[in-house]
Amino acid sequence: MAGARSAATRLTHSSLFLLSRAAAAAATRRTNLPSSPRDYSKMASSVGGNGYSDVTRVLFCGHYWPASTIYTKEYLQNYPFIQVDEVGLEHVPDVIQNYHICVVKNKCIDSDIIAKATKMKIIMQYGVGLEGVDINAATEQKIKVARIPGSTTGNAIACAEMAIYLTLGVLRKQKEMDTAVIQKDLGLPVGETIFGKTILILGFGAIGMEIAKRLRPFGVKILATKRNWSSNTVSCDLDGLVDKKSGPEDMYELAREADIVITCMTLNNESVGIVDHKFLSALKKGSYLINIARGRLLDYTAVFNHLESGHLGGLGIDVAWTEPFDPEDPILKFPNVIITPHVAGITEYSYRTMAKVVGDVALKLHAGEPFTEIEFVN
C-alpha cells in the first residue's frame with residue numbers, strides 16, 4: 001500500500017512537471033502576444049519593453065505555510081525567467097517594489113504597502129481569503145487582486161474533511177481520550193455520536209456544500225444559511241442535501257434547532273464577531289461549535305464565557321483570533337476545546353494544485369497571456 005501511494009505521488013509530481021514544461025515551451029514559442037477580452041495582456045506588456053522581462057518576480061509573504069513556497073519553486077524550477085522568493089512579514093514593505101506578483105498568505109497588504117508596489121501586477125492569495133488586502137487601494141494603483149477558487153483545487157474538499165474531523169473530535173472528546181491513554185484508563189470518556197444530530201452550516205459556499213455532502217451519510221439533519229440561494233450561485237442540486245435553508249437574518253432561529261454549528265462563511269465587516277453572545281445564547285445547552293473559516297468570525301469573550309458556563313458543549317477550531325495562537329491562552333485549558341494549526345486546506349493534492357496555479361499565472365504574466373486559473377475580484 002505504501003509503495004502504491006509513493007508511486008501515485010511520483011506520478012502526480014511527474015504530471016505537474018510535464019505540464020509546467022509544456023506551459024513554458026508554449027510561452028517561449030509565441031512572438032505575438034494574445035489579447036484577452038479583459039485586456040490582461042497589457043498587464044504583462046508593461047513588465048518588459050517587448051512584453052517580456054528578464055525575470056518575472058513572485059513574492060511570498062511570510063514563512064508560515066512553507067509548503068506553498070516550496071511547491072511553487074519546485075513547479076517553476078526549470079524556468080530561470082521566473083524568480084520565487086519568500087520574506088518575513090516584517091520585511092515585505094521593504095522589498096515589495098521589486099516584485100510583479102505578490103502571494104499574501106496572512107500578510108495585511110494595506111494602502112501604504114500597495115503604494116510602494118510600483119512594479120506589481122497581481123496580488124493574489126494561495127487560496128481564497130482576501131480580507132487582508134485593501135482591494136480599493138490596489139484598484140487605484142491598477143493592480144489586479146485575485147483568489148484561487150477552492151472548488152477547482154481540492155481546497156474546499158480538504159476544508160470539508162477537516163470540519164468533519166473537528167466535529168468528530170469534539171463529540172468523541174479527543175482531549176479526554178488522550179488523557180485516558182496517558183493514565184492507562186480504558187473505556188473512558190463516554191462520547192457522543194454524530195448520528196441523529198441537527199447541524200447548522202453558516203455560509204453555504206463551496207466549502208459548505210462539500211461539508212453537507214460528507215455529512216449526509218452520517219444520518220443528520222442539515223440546516224444552512226447563504227446570502228443568495230439563486231440557482232446560479234449554487235453548483236449542486238440541493239434536493240436531499242439541505243433540509244432547511246435561509247438567509248443570515250434567520251440564523252438565530254436556525255441556531256435554536258442546532259446541535260452543532262459549523263462556520264465556513266467569508267470574513268468581512270458585516271461578519272466579524274457574528275458568532276456572539278446573542279447567537280451562542282440561542283443554541284441549545286450543550287451544543288458544539290466548529291470553525292474552519294476565520295477566527296474573527298467568533299467573538300472570543302462570548303465563546304469563552306459560554307464554554308465556562310457549560311452552555312457550549314465543545315469547541316473545535318482550525319483558525320484562531322490571532323495567529324499563531326498563544327498555546328497558553330486560557331481558552332485552550334478547557335478539556336472540550338481542540339485546535340489545529342490552520343491546516344484545513346493544506347493537503348498534498350490541494351497545495352500541489354495551487355502551486356501549479358501560481359506558477360502558471362507567473363508564466364502567463366511573463367508571456368502576456370490571459371489568465372484562466374484565478375478569479376479576479378476587481
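This is a short chat about a predicted model of one protein chain.

Biologist: What should I know about the numbering and the model before we start?

Modeller: Residues are numbered from 1 along each chain as its sequence is written. The model is predicted, so local features need pLDDT of at least 70 and side-chain atom pairs count only at pLDDT 80 or more, while totals for chains, interfaces and linings use all residues; side-chain values use heavy atoms, with hydrogens and water left out.

Biologist: How many helices and strands are in the protein chain?

Modeller: The chain has 13 helices and 13 strands. Both are DSSP runs numbered from the N terminus: helices are H or I with at least four residues, strands are E with at least two.

Biologist: And what share of the residues is buried?

Modeller: Buried residues make up 52% of the 378 in the chain. Buried means under 20% relative accessible area, exposed means over 50%, and partly exposed lies in between (1.4 Å probe, protein chains only).

Biologist: Contacts next. What percentage join residues at least 24 apart?

Modeller: Among contacts between residues at least 6 apart in sequence, 66% do. Contact means heavy atoms within 4.5 Å.

Biologist: Which residues touch the most other members in the largest nonpolar core?

Modeller: Phe 279, Val 303, Leu 315 and Ile 331, out of 35 residues in that core. A nonpolar core is a set of buried Ala, Val, Leu, Ile, Met, Phe, Trp, Tyr and Cys residues joined through side-chain atoms within 4.5 Å. Strand 6 (198-202), helix 10 (251-255), helix 11 (277-282), helix 12 (300-309) and strand 11 (312-317) each supply at least two residues of this core.

Biologist: What does Val 303 touch?

Modeller: Leu 280, Leu 289, Leu 298, Leu 312, Leu 315, Trp 321 and Ile 331. That leaves out residues up to four places away in sequence. There is also a second, separate core of 33 residues, which includes Ala 160, Met 162, Leu 166 and Ile 201.

Biologist: Helix 7 now. Is Val 170 buried or exposed?

Modeller: Val 170 is in helix 7. It counts as buried because its relative accessibility is 7%. Beyond its neighbours within four places, Val 170 contacts Tyr 288, Ile 290, Leu 315, Gly 316, Asn 336 and Ile 338. Its C-alpha is 8.5 Å from that of Gly 191, 21 residues away in sequence.

Biologist: Why does Ile 157 count as partly exposed?

Modeller: Because its relative accessibility is 35%. Ile 157 is also in helix 7, residues 155-171. Setting aside neighbours within four places, Ile 157 contacts Glu 210 and Arg 214. Ile 207 is 50 residues away in sequence, yet 6.8 Å away in space, C-alpha to C-alpha.

Biologist: Where is Ile 346?

Modeller: In the loop between strand 12 (337-339) and helix 13 (348-367). Ile 346 counts as partly exposed because its relative accessibility is 30%. Ala 67 lies 279 residues away in sequence and 8.8 Å away in space, C-alpha to C-alpha.

Biologist: Switching to backbone. Which residues does a cis peptide bond join?

Modeller: Glu 323 and Pro 324, with omega about 0°. Pro 324 sits in the loop between strand 11 and strand 12. The bond from Leu 188 to Pro 189 is cis too, with omega near 0°. Pro 189 is in the loop between helix 8 (174-182) and strand 6.

Biologist: What about phi of Lys 184?

Modeller: It is near 60°, a positive value in a residue other than glycine. Lys 184 is in the loop between helix 8 and strand 6. At 75% relative accessibility, Lys 184 counts as exposed. His 342 has a positive phi as well, near 55°. His 342 is in the loop between strand 12 and helix 13. Most residues other than glycine have a negative phi, and most peptide bonds are trans.

Biologist: Which residues lie nearest its centre?

Modeller: Glu 323, Pro 324, Phe 325, Pro 341 and His 342, from a lining of 15 residues. Lining residues have an atom within 4 Å of a point. The lining draws at least three residues from each of domain 1 (54-151 + 347-374) and domain 2 (154-337). Domain bounds come from an automatic or database domain assignment.

Key: 1 Å grid on protein atoms, 1.4 Å probe; cavity = no way out; pocket = protein on both sides within 12 Å on 5 of 7 lines; lining within 4 Å.
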